[in-house]
Amino acid sequence: MSAYTMASEIIFPESRGRAGFGMKRVSEIHTEKGWKEFTGTAEIVLPRNASDFRRIEADNLFELGDPVVIRFGYGSGDMPVEFAGYLSDVADGVPYRLKCEDEMFKLKRGAVTVSKKDITLKKLLETVAPGYAVECPDIPLGMVRYTNVAPIAILENLKKELGIYTYFVDRVLHAVDGNSQSGETIKVLLERNAVSEDLNKKSRADEKVLVKFKSLQRNGKYITHEEGDENGTVQVRNWPYLTKAEIEARAKRIIELQKKKGFDGTVTLFGIPRAYPGIKVELKSLFYKNMEGTFYVDKVVKDFSKGGVRQQLTIGNKAE
């Protein structure tokens, strides 16, 4: 990595009547984003004595809700955007510590009321997150009723009741009920690209699961179905308007995803190849062939500091 020059830029767009500005000097950057988690986060540590502060007004420089864009990487060209969102906490002092959240910051605030006899998932998300593009299967949810609740409370209910995960990629709200990644696959040779690995091979015997399904029918009655291991971890699903065959197919899919052989753990990479949420990773090894395969990436954690760029990938199920 010594052949590459590290660079970073923190951009604070215009806000509250304050002019926008950027800073290229930064002590540390930490970002976290996973498709199973609602909110992507970042933390920035800025040196208080940086020359950048002498050319801008220091009073009220940072406030809760201010937009922020974080770029870092290698080289002198256009650096990739590693995070875009809003300041969620400002620790004034020496040095400045700024905590940030992605677009989910907006959905944690305010309140919405939704009352529909028959609505689809996409229409519900478009209602609770107006102004955002939505990517999700357009599946029926039946009747929903939420009164004066924060939008994220509805997303939490979708996760609890239906097993639907919601997360942002840029300004697009995604909703999925399993491995969602359809993005590119990066190739990693562990002995060349990895700083370290902490992988434990998962056993089918250790992944016991019992799915309990309940589906409201249009006549007001319910179809119920249980499938899986009697003493397994219980997963409850309450999907409306499904046939018995559809319930059985979905239950089998949940169990299949849970029991897929894969790894439980992380791989820490240098800054290249660049990883980001939504990718898959193809692992190769010169010595450990049992670690090879293509896997979904559940979470990406990145650190930028004087020690270099590090990317910690949480490895999920094995991709087909």
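**Charged pairs, cores and backbone**

Reply: Glu63 counts as partly exposed, because its relative accessibility is 31%; here buried means under 20% relative accessible area, exposed means over 50%, and partly exposed lies in between (1.4 Å probe, protein chains only). The model is predicted, so local features need pLDDT of at least 70 and side-chain atom pairs count only at pLDDT 80 or more, while totals for chains, interfaces and linings use all residues. Residues are numbered from 1 along each chain as its sequence is written, and side-chain values use heavy atoms, with hydrogens and water left out.

The partner of Glu63 is Arg16: their side chains form a salt bridge at 3.5 Å, N to O (a side-chain nitrogen of Lys or Arg within 4 Å of a carboxyl oxygen of Asp or Glu). Glu63 sits in the loop between β4 (41-46) and β5 (67-74), and Arg16 in the loop between β1 (6-12) and β2 (21-23), so this pair ties together parts that are 47 residues apart in sequence. Helices (H or I, at least four residues) and strands (E, at least two) are DSSP runs, numbered from the N terminus. Arg16 is likewise partly exposed, because its relative accessible area is 39%.

A further salt bridge joins the side chains of Arg97 and Glu43 at 3.7 Å, N to O. Arg97 belongs to strand β7 (residues 96-101) and Glu43 to strand β4, so parts 54 residues apart in sequence are tied together. Arg97 is partly exposed at 38% relative accessibility, and Glu43 is partly exposed at 25%.

Glu292 and Lys289 also pair through their side chains, at 3.3 Å, N to O. Elsewhere, salt bridges that share partners connect Arg16, Arg18, Glu63 and Asp66 into one network. A search of the whole structure gives 17 salt bridges.

The nonpolar cores (sets of buried Ala, Val, Leu, Ile, Met, Phe, Trp, Tyr and Cys residues joined through side-chain atoms within 4.5 Å) come next. The largest has 36 residues, among which Leu121, Leu124, Leu125, Leu141 and Leu158 touch the most other members. Elements that each supply at least two residues of this core include β8 (112-120), α2 (121-128), β10 (140-149), α3 (151-162) and α5 (244-259). Helix α3 gives the most, with five residues. Leaving aside residues up to four places away in sequence, Leu124 touches Val114, Ile119, Leu141, Val144, Ile154 and Leu158, where contact means heavy atoms within 4.5 Å. A second, separate core of 22 residues includes Leu61, Val68, Tyr96 and Phe304.

The backbone remains. Most residues other than glycine have a negative phi, and most peptide bonds are trans. The peptide bond from Ile272 to Pro273 is cis, with omega near 0 degrees; Pro273 lies in the loop between β18 (262-269) and β19 (280-284). Asn148 has a positive phi, near 50 degrees. Asn148 is part of strand β10 and is exposed at 58% relative accessibility. Tyr241 also has a positive phi, near 65 degrees. Tyr241 is located in the loop between β17 (233-237) and α5 and is partly exposed at 21% relative accessibility.
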